[in-house]
Amino acid sequence: MTISCSGEELTLNKDRAIYWDRERMLIISDLHLGKSAHFRKHGIQVPATIGLTDLQRLTALLHEYHPEVLLITGDMFHHDLNSDIGMFAEWRRDFEQLRIFLVLGNHDALRDQDYEEMKIEVYKKEMICHPFRFIHDRPEITDTHYTISGHLHPGISVYGKARQQLKLPCFYFGKNMAIMPAFSIFTGLSIVKPEAGDRCFAIGPSKVTQVF
Amino acid sequence: MKLTPLRTSASYSKQPYEIETKELTINNTSKIDALMGIETSKGYRQVIKWLRQKKRKPFSFQQEAWQYYAEGYSGLVNAPTGFGKTFSLFLAVVIDELNTRAEQKTEKQKTSKQKTHSKKKRSSTGLRLLWITPLRSLAKDLARAMTEVCRELELDWLVSVRNGDTPQAEKLRQKKQMPEVLIITPESIHLLLAQKNTSGQFSQLQCIVTDEWHELIGSKRGVMTELAISRIRGIIHQKHPERLLRIWGISATIGNMEQAMDVLVPYPEVLRIIIKATEEKKIVIKSILPDHIDMLPWAGHLGHKLAHKLLPIIYKSKTTLVFTNTRGQAELWYQNLLNLDENLAGQIAIHHGSIDFELRNWIEDALHSGILKAVISTSSLDLGVDFKPVDTVVQIGSPKGVARFLQRAGRSGHSPHEISTIYFLPTHALELVEAAAIKEAAKTQDIESRDPIVMAFDTLVQYMVTIAVGDGFDEQQLYHEVKETFAYHELLPSEWSWLMQFITTGGDSLSAYHEFKKVSKVDGLWKVESRQMAMRHRLHIGTIVSDPMLKVKYLGGGFIGMVEESFISKMKAGSSFTLAGKVLDFVMVKDLTVLVRRSRAKRAITPSWMGGRISLSANLGTILRKKYNETLDKSHDDEELDIILPLFERQAKVSHVPKDDEFLIELIHTKDGHHLFAYPFEGRQVHEVMAALIAYRISRNTPITFSIAMNDYGFELLSEQQLPIEETEIRQLFSPEHLAEDIVISINATEMARRKFRDIACISGLIFQGFPGKYIANKHLQSSASLFFNVFSDFDRHNLLLRQAYDEAFYQQIEEPRLLAALQRIQQSKIIIVKTDRYTPLCFPIKVDSLRENMSSEELSQRIERMTAETEKKATKKFRNKNDHQL
């Protein structure tokens with residue numbers, strides 16, 4: 001589904017990504033690579049196939065849009081270096097032409113040289129790309145830039161007749177800022193309550209639907 | 001000589017019994033034989049002499065227990081509350097010890113007379129008796145009573161308590177030197193087993209007693225008890241194969257006593273016996289009735305409208321225990337009674353599991369001393385040592401089962417042969433019928449069974465890691481121990497090896513779990529090496545899963561209790577809530593503690609603590625259906641049914657009152673949508689599965705979405721579209737044919753298994769929930785059970801924990817035979833279908849229930865679009881906060 005935001009055309013993909021055609025930029029947030037291995041290291045049984053699945057979904061998106069830039073608005077890596085990240089480094093070699101930008105999130109704790117080795121261009125605080133500000137968590141100040149952030153893992157409750165209710169991951173577009181859904185499937189949801197004027201796009205199994 | 005019965009209560013009955021001790025044995029010749037052995041022993045004579053000094057005599061079941069214990073038996077003691085169950089076993093161990101000492105003394109005198117310098121100070125002889133109790137509050141009083149016995153019999157035994165409330169210093173002291181008697185909870189034994197070098201501490205153990213076994217048997221805590229016993233037994237057997245460890249249980253009457261013993265003592269080579277007291281408890285049950293049926297609401301669970309009728313009962317009794325079913329309800333009733341009579345301030349108290357330990361202690365002491373007029377409580381006071389001054393018990397709302405009701409009744413008038421009085425206060429109109437049903441069930445002693453839990457893989461995973469955190473285990477030995485327990489006697493070698501892989505390599509051999517670390521082999525034993533992991537595991541030992549809890553504390557100091565984090569997260573600074581009967585102003589959350597100050601506000605919201613909903617038992621369901629008949633026929637002498645008659649007449653006018661050979665279906669069309677109400681009267685649990693089954697069968701051919709609600713009487717299917725069924729098809733919908741397959745699909749289609757997985761993920765250590773007061777913020781390891789459920793469903797279908805979730809939803813939830821019986825009964829019944837456009841008295845309590853399940857055969861994307869379209873039409877709608885009750 002393609003929407004208009006601050007005069008730009010953005011395509012919302014059901015695989016939890018935004019494609020910005022004018023900049024040929026694929027935007028995702030909260031990839032949490034290495035989360036499952038991090039859990040395993042601490043004695044919690046999480047199948048390794050999860051990290052792989054996330055990368056496969058990312059691959060499919062790259063094949064669909066052929067972007068020049070992959071932008072990750074934070075929490076690309078969950079905690080520290082581990083086997084999942086090794087898997088990513090290998091994957092990186094298959095897409096050498098792709099530029100990867102990362103706006104650091106609260107979980108991104110690798111050393112600068114680790115990012116360098118994986119050819120990831122790091123933005124410590126935010127990345128401005130007119131008319132947008134890309135940042136991990138919502139900023140305290142608002143200015144002329146429209147903010148696109150992540151961090152929250154937003155979800156939306158949809159209510160229907162006869163006391164029916166559904167909870168789905170969503171793209172949230174408010175007045176001054178938008179929140180991206182978490183890309184990794186090994187993440188939970190925190191439910192947002194849209195106010196008048198906001199737009200919310202729920203992610204279903206086959207497509208994205210505007211629900212608010 | 002005047003003798004009074006032997007009991008644990010601190011003070012004793014004034015009524016004397018004029019029977020000589022010896023007369024007891026004459027009535028029954030077989031008993032003479034049985035009791036011959038022990039009567040001549042030194043220990044027995046010493047105990048009897050001591051009892052005579054105290055003008056007391058043992059009951060015959062106590063003597064029986066002593067005799068069987070002396071002969072090396074294990075087993076179960078079944079006696080009503082107030083008849084000295086504790087002493088039937090504690091004194092058995094004491095007599096045995098006294099006899100052993102007497103023997104040793106004579107032997108010593110024979111062999112060597114020169115060694116007379118043994119006048120050193122008390123040295124521990126090692127742990128002799130492990131006494132497991134389900135509730136912490138029991139331990140203190142038990143220890144007091146046991147210590148007193150030891151002192152008076154000049155037995156130099158130390159009696160200690162170990163549970164979540166025990167201070168660290170005391171635990172360390174115990175580690176250095178074990179007391180002879182340790183009173184402990186199932187969780188604390190596992191914690192003990194999770195320490196290093198504990199195996200040496202059991203070598204002198206003579207007996208493990210599990211108190212209130214009927215409370216434990218139906219839960220995973222019972223499984224923990226079984227496992228702990230198997231381990232301790234294994235440790236002793238390995239070092240001293242010749243030693244005999246006795247395993248005893250104490251239980252109130254339940255429907256499956258024989259099985260209860262099999263579960264506790266599953267060992268074929270052990271001598272076993274059930275000792276049943278012939279003494280009976282007399283119970284008087286009275287209902288608190290409204291003057292007119294209109295005084296009671298059609299639905300609800302508070303019952304405040306009858307509160308003024310409770311006051312006279314409290315006034316005329318010495319001390320009243322008021323039982324509610326939830327903690328929130330207890331808080332509300334406390335406020336309500338104070339509002340009705342301000343003079344009660346200081347004379348009434350509130351007691352539940354979320355109230356601070358110190359405060360609970362104070363209340364329990366105050367109950368003993370009789371300074372309180374009434375205590376509002378939840379199941380936290382269900383069990384335990386008697387409070388002498390309590391002469392009246394009140395039950396607010398349906399207790400859902402006969403056994404629980406009788407147990408609560410027994411908390412009053414507990415001296416033997418005294419009468420227990422219990423009042424039933426209905427919270428909504430239909431509960432009057434339940435009151436009549438309970439009375440009948442109590443009269444006919446129609447008491448429920450408690451089915452033991454089997455094959456709980458989550459508890460086993462936790463246990464295996466617990467042992468690995470402690471001294472480690474040998475795979476073969478532990479397998480044999482576990483396999484011997486009742487809970488896991490069907491465990492397959494393949495399941496065991498899956499479990500071993502799960503804790504050592506993470507997953508099965510097909511899906512590699514890189515970098516997984518937990519249990520590894522060190523010097524031939526499986527152990528947890530990481531200190532951090534061991535610590536985290538110890539914090540999460542247990543099977544009671546609750547929401548993360550935060551401690552509540554005054555700004556100036558002093559703990560009040562605990563509330564759920566989800567409740568506090570909705571509070572703003574300055575808003576007030578009630579806890580432990582106090583109105584408090586919320587200030588802030590700091591260091592995982594909720595800081596509050598006393599409020600001037602008179603009213604405030606009451607936190608709702610999550611808790612399971614209890615389902616009506618099958619026994620009660622049958623009687624309930626019969627009572628519906630009797631109400632209409634007027635063929636009864638229950639005053640409750642007379643009162644409810646007008647409501648039944650109303651139901652008959654707008655719909656129909658089902659007789660026990662009829663099955664009522666109401667098809668109601670309102671602005672909410674199309675409802676189908678069905679009334680099997682089988683209890684919430686059966687209805688939950690039956691509703692899913694019927695919803696599935698309806699949705700098989702047409703894409704449709706249902707919202708499902710249920711209570712103990714019936715269930716509701718609600719859809720925004722017309723139900724695609726003909727009246728003639730309804731009997732077919734409830735057909736028992738293809739039941740097993742249809743149930744599997746309908747469980748898959750709902751959230752039932754997912755909900756079961758919440759506890760499983762917690763118990764097996766996949767997710768970390770808050771632990772009262774010991775909450776550790778492991779943000780980077782946070783996840784949710786639901787997430788794991790998805791992950792395993794997608795990536796690890798053979799995961800045994802996932803299978804357990806389905807099994808729990810399938811076998812425990814539904815009680816398949818019960819569901820089958822219900823469907824067969826429905827097939828035999830006359831099906832009555834009523835179509836109306838208004839809610840009826842019978843459907844109303846179901847309709848207002850907020851706990852709902854969804855089932856859909858619509859394609860998800862289409863469903864999203866349809867629901868979105870509906871929301872747009874409705875514009876902005878206010879959602880009520882379903883769990884906060886405004887006072």
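Predicted model: local features only at pLDDT ≥ 70, side-chain atom pairs only at ≥ 80, totals over all residues.
1. On the contact between the chains, 34 residues are taken from chain A and 39 residues from chain B. On the side of chain A that touches chain B, the elements that give two or more residues are helix 1 (35-41), helix 2 (49-65), strand 11 (154-160) and strand 12 (164-173) of chain A. Helix 1 of chain A provides the largest share of that side, with five residues. Sorted by class, the side of chain A that touches chain B holds 15 nonpolar, 14 polar and five charged residues.

2. On the division of chain B, the domain assignment gives domain 1 (18-107 + 124-276), domain 2 (282-443), domain 3 (457-539), domain 4 (549-598) and domain 5 (655-856). The centres of domain 1 of chain B and domain 2 of chain B, taken over C-alpha atoms, are separated by 32 Å, and 15 residues of domain 1 of chain B are in contact with 14 residues of domain 2 of chain B. Helix 6 (residues 136-152) of chain B, with four residues, gives the most to the side of domain 1 of chain B that touches domain 2 of chain B. By class, that side of domain 1 of chain B consists of eight nonpolar, three polar and four charged residues.

3. On the six-stranded sheet of chain B, the sheet is open, its strands follow the order 10-15-14-11-13-12, and the pairing is parallel. Strand 10 (282-287) and strand 12 (348-351) of chain B each have a single partner strand and stand at the edges, so one side of each is left without a neighbour in the sheet. Neighbouring strands of this sheet are turned against each other by 20 degrees on average, direction ignored.

4. Within chain B, strand 11 (residues 319-323) and strand 14 (residues 390-396) pair in the parallel sense over five bridges, and B:Leu321 stands opposite B:Val393 in strand 14 of chain B.

5. On the helices that lie across these strands, helix 13 (residues 327-340) of chain B lies across strand 11, strand 12, strand 13 (374-377) and strand 14 of chain B, and runs at about 170 degrees to strand 12 of chain B. Helix 16 (residues 431-443) of chain B lies across strand 10 and strand 15 (419-425) of chain B, and runs at about 170 degrees to strand 10 of chain B.

6. On a helix pair in chain B, helix 10 (residues 220-239) and helix 17 (residues 457-469) of chain B pack at an angle of about 35 degrees with their axes 10 Å apart, and the crossing of helix 10 of chain B and helix 17 of chain B is right-handed. Helix 10 of chain B brings B:Lys220, B:Val223, B:Met224, B:Leu227 and B:Arg231 to the contact, while helix 17 of chain B brings B:Thr459, B:Tyr463 and B:Ile467. By class, this contact of helix 10 with helix 17 of chain B has five nonpolar, one polar and two charged residues.

7. On one residue, B:Phe586 has its place in strand 21 (residues 582-590) of chain B. B:Phe586 counts as buried because 21 other C-beta atoms lie within 10 Å, where the cut-off is 20 or more. Leaving aside neighbours within four places in sequence, B:Phe586 is in contact with B:Met571, B:Ala573, B:Gly574, B:Ser575, B:Ser576, B:Phe577, B:Val594 and B:Val596. B:Phe586 and B:Ser599 are 13 residues apart in sequence and 8.9 Å apart in space, C-alpha to C-alpha.

Technical notes. Residues numbered from 1 in each chain as written. Chains lettered and ligands numbered in written order. Axes fitted to C-alpha atoms, helices over the stretch in contact; angles between N-to-C directions. Left-handed = near helix turned anticlockwise from the far one by under 90°. Contact = placed C-beta atoms within 7 Å. Nonpolar A, V, L, I, M, F, W, Y, C, P; charged D, E, K, R; others polar. Pairing = 2+ DSSP bridges. Domains from an automatic or database assignment. Buried ≥ 20, exposed ≤ 12 C-beta atoms within 10 Å, placed from the backbone.
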